[in-house]
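Hi everyone, and thanks for coming. I'd like to walk you through a structure that may be new to you, so please have a look at it with me.

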Amino acid sequence: MAHDYARPFYNSAVWRKCSKGFMQSKNYICERCNDVATICHHKTYITPANINDPNITLNWNNLEALCQTCHNLEHHSGGIVREGLAFDSNGNLIQTAAPTQPPTD
Ligand SMILES: [Zn+2]
Ligand SMILES: [Zn+2]
């Protein structure tokens, strides 16, 4: 989930330029499963303490091109995200597909 402290960063031109260049350098291929990468992940997670540190936030060595699935696994392997939901590149919860099973109640 995008935290408020990170929102200005993810909306910044410098991040968009940095992440776009990085993703292009990876040919938009997931570094873990070779699927189509849509997410520019920070290996060292962004926190309120490092959000203003370009060595963390804008360092290609700290970035990883991931597909939606691998990114979800990276952040939410505990099963927080339900089927049909995922996090976009800004960390916002989005609907990706209809749940495979209809609600039972
Ligand atoms: Zn992947
Ligand atoms: Zn991530």
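Before I point at anything, one term: when I say helix, I mean a DSSP run of H or I with at least four residues, numbered from the N terminus. Please also keep in mind that this is a predicted model.

With that term in hand, let's start at glutamine 24, which is found in helix 2. Is glutamine 24 buried or exposed? It is exposed, because 10 other C-beta atoms lie within 10 Å, and the cut-off for exposed is 12 or fewer. Across the chain, glutamine 24 and alanine 65 are 41 residues apart in sequence, while their C-alpha atoms are separated by 9.5 Å.

Now let's take in helix 2 as a whole, residues 13–25. How far apart are its end C-alpha atoms? They are 18 Å apart, and that agrees with the 18 Å that 13 residues should span at 1.5 Å a residue. Helix 2 is hardly covered, with one buried residue among its 13.

Asparagine 34 is exposed, because it has 9 other C-beta atoms within 10 Å.

Let's step back to the overall layout. The protein chain has four helices and four strands, and along the sequence they follow the pattern α-α-β-α-β-α-β-β. Of its 105 residues, 14% count as buried. Among contacts with a separation of 6 or more, 51% are between residues 24 or more positions apart.

So what sits on the inside? In soluble globular proteins, nonpolar side chains tend to be buried together. Here, the largest nonpolar core has eight residues: Cys30, Ala37, Ile39, Cys40, Leu63, Ala65, Leu66 and Cys67. Strand 1 (39–42) and strand 2 (63–66) are the elements that give two or more residues to this core. Which of them gives the most? That is strand 2, with three residues.

These two strands run antiparallel and are joined by four bridges. If you want a landmark, isoleucine 39 stands opposite leucine 66 in strand 2. On strand 2, Leu63 and Ala65 point one way while Glu64 and Leu66 point the other way, and all are buried. Alanine 37, another member of the core, is in contact with Met23, Lys26, Tyr28, Ile29, Cys30, Ala65, Leu66 and Cys67, leaving aside neighbours within four places in sequence.

One last stop: isoleucine 51, in the loop between strand 1 and helix 3 (54–57). Isoleucine 51 is partly exposed, because 15 other C-beta atoms lie within 10 Å. Not counting residues up to four places away in sequence, isoleucine 51 touches Tyr5, Ala6, Phe9, Ile46 and Thr57. Proline 8 is 43 residues from isoleucine 51 in sequence, with 10.0 Å between their C-alpha atoms.

Definitions and conventions:
Residues numbered from 1 in each chain as written. Chains lettered and ligands numbered in written order. Predicted model: local features only at pLDDT ≥ 70, side-chain atom pairs only at ≥ 80, totals over all residues. Core = buried A, V, L, I, M, F, W, Y, C linked by C-beta atoms within 7 Å. Buried ≥ 20, exposed ≤ 12 C-beta atoms within 10 Å, placed from the backbone. Contact = placed C-beta atoms within 7 Å. Expected span 1.5 Å × (residues − 1). Pairing = 2+ DSSP bridges.
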